[in-house]
Amino acid sequence: MKKTNQLKKIRKAVEKVQDAKRFEHTLGVEYTAAALAMRYECDINDARTAGLLHDCAKCFSDEKRLSICRKNHIKVTEVERKNPFLLHAKVGAYLAREKYGIKEPDILNAIQNHTTGRRNMSLLEKIIFVADYIEPGRKHAPNLTETRKLAFIDIDRALVTILKDTLEHLKRSGGEIDPMTEETWRYYSQH
Ligand code: DGI
Ligand code: FE
Ligand code: FE
């Protein structure tokens, strides 16, 4: 299948499993990831594909996410069991492979790690992580204007800023911190 047709097909399929607001966010991440891919010389098609699919499990119920994990022997950590929305990334990567037919490990990793990040992220993983945070539809994050600019100047510094702001937000709001988010922040603030 031609790549543009494949993107169109995925876009239509994702629209069916998301509410209107989430789908608008999805399109925002798709084109923001494409723009970052142009800037950093990453594969534009991969960036768009990962952007379209990153939240494909976001509109499921927690029960559905947990049951998909149970049925398919996907490991659920302690923090994920208590905060099952976190699982939308892992379950999303699983569905990208099984339902949407994505084979490229880098695209699957970008979906899987888009919420907490991880050490040693590939360029595509960084692009999706950052695009998710800065896409034009996002409104409530601190320092958004600066972070948006920084994303196109130095993606690693943008990554650290986003992780720092996310951790501060979680500490302020009493959200439970996934050790992976903390580890990613520590790793990238030292490298
Ligand atoms: O799915 P999106 O809303 O587009 O974006 P996302 O997948 O990055 O999820 C964003 C939310 O995830 C945001 O409210 C911060 C939260 N988050 C990121 N790391 C952690 C976390 N929430 C908890 N409880 N713990 C974390 O470590
Ligand atoms: Fe997400
Ligand atoms: Fe998202």
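Reader: Which helices each supply at least two residues of the shell around ligand 1?

Author: Good place to begin, and do keep in mind that this is a predicted model. The helices are H2 (residues 20-40) and H10 (residues 155-173), and each gives at least two residues to the shell around ligand 1.

Reader: Which residues come nearest to ligand 1?

Author: To read a shell, list the neighbours and then pick out the nearest. There are 17 residues around ligand 1, and the nearest are Thr115, Arg138, Glu176, Asp178 and Thr181. Sorted by class, the shell has seven charged, six polar and four nonpolar residues.

Reader: What polar atoms lie by the oxygen atoms of ligand 1?

Author: Here we look at pairs of atoms and their distances. Arg22 has a polar side-chain atom 3.0 Å from an oxygen atom of ligand 1, and a polar side-chain atom of Asp55 also lies 3.0 Å from an oxygen atom of the ligand. With Asp178 the polar atom belongs to the backbone, and the distance is 2.7 Å. As for cover, ligand 1 alone exposes 570 Å², of which the protein buries 84%.

Reader: Where does ligand 1 sit?

Author: Ligand 1 sits in the largest pocket.

Reader: Now the metals! Which residues coordinate the iron ion called ligand 2?

Author: Ligand 2 is coordinated by Asp55 through OD, and by His88 and His114 through NE2, at 2.1 to 2.2 Å. Along the chain, these donors follow the spacing D-x32-H-x25-H. His88 belongs to helix H6 (residues 87-98), while His114 is in the loop between helices H7 (105-112) and H8 (123-134); the pair, 26 residues apart, links distant parts of the chain.

Reader: And what are the protein donors of the iron ion called ligand 3?

Author: Ligand 3 has His25 (NE2), His54 (NE2), Asp55 (OD) and Asp132 (OD), lying 2.2 Å from the ion. Their spacing in sequence is H-x28-H-D-x76-D.

Reader: Which residue bridges the two iron ions?

Author: Asp55 bridges ligand 2 and ligand 3, and these iron ions lie 3.5 Å apart.

Note on methods:
Residues are numbered from 1 along each chain as its sequence is written. Chains are lettered from A and ligands numbered from 1 in the order in which they are written. This is a predicted model: local features need pLDDT of at least 70, side-chain atom pairs count only at pLDDT 80 or more; totals for chains, interfaces and linings use all residues. Side-chain values use heavy atoms; hydrogens and water are left out. A residue is near a molecule or strand if one of its heavy atoms lies within 4 Å of it. A polar contact is a pair of N or O atoms within 3.5 Å; within protein, one must be able to donate a hydrogen and the other to accept it, and residues adjacent in sequence count only if both atoms are side-chain atoms. Accessible areas come from the Shrake-Rupley method with a 1.4 Å probe; for residues, only the protein chains shown count as cover. On a 1 Å grid over the protein atoms alone, a cavity is a set of points where a 1.4 Å probe fits but cannot get out, and a pocket is an open set with protein on both sides within 12 Å along at least five of seven lines; lining residues have an atom within 4 Å of a point. A molecule sits in a cavity or pocket if more than half of its atoms lie within 2 Å of its grid points. Helices (H or I, at least four residues) and strands (E, at least two) are DSSP runs, numbered from the N terminus. Ala, Val, Leu, Ile, Met, Phe, Trp, Tyr, Cys and Pro count as nonpolar, Asp, Glu, Lys and Arg as charged, and the others, Gly among them, as polar. Donors are N, O and S atoms within 2.8 Å of the metal (3.2 Å for Na, K and Ca); water is not among the atoms, so sites may look incomplete.
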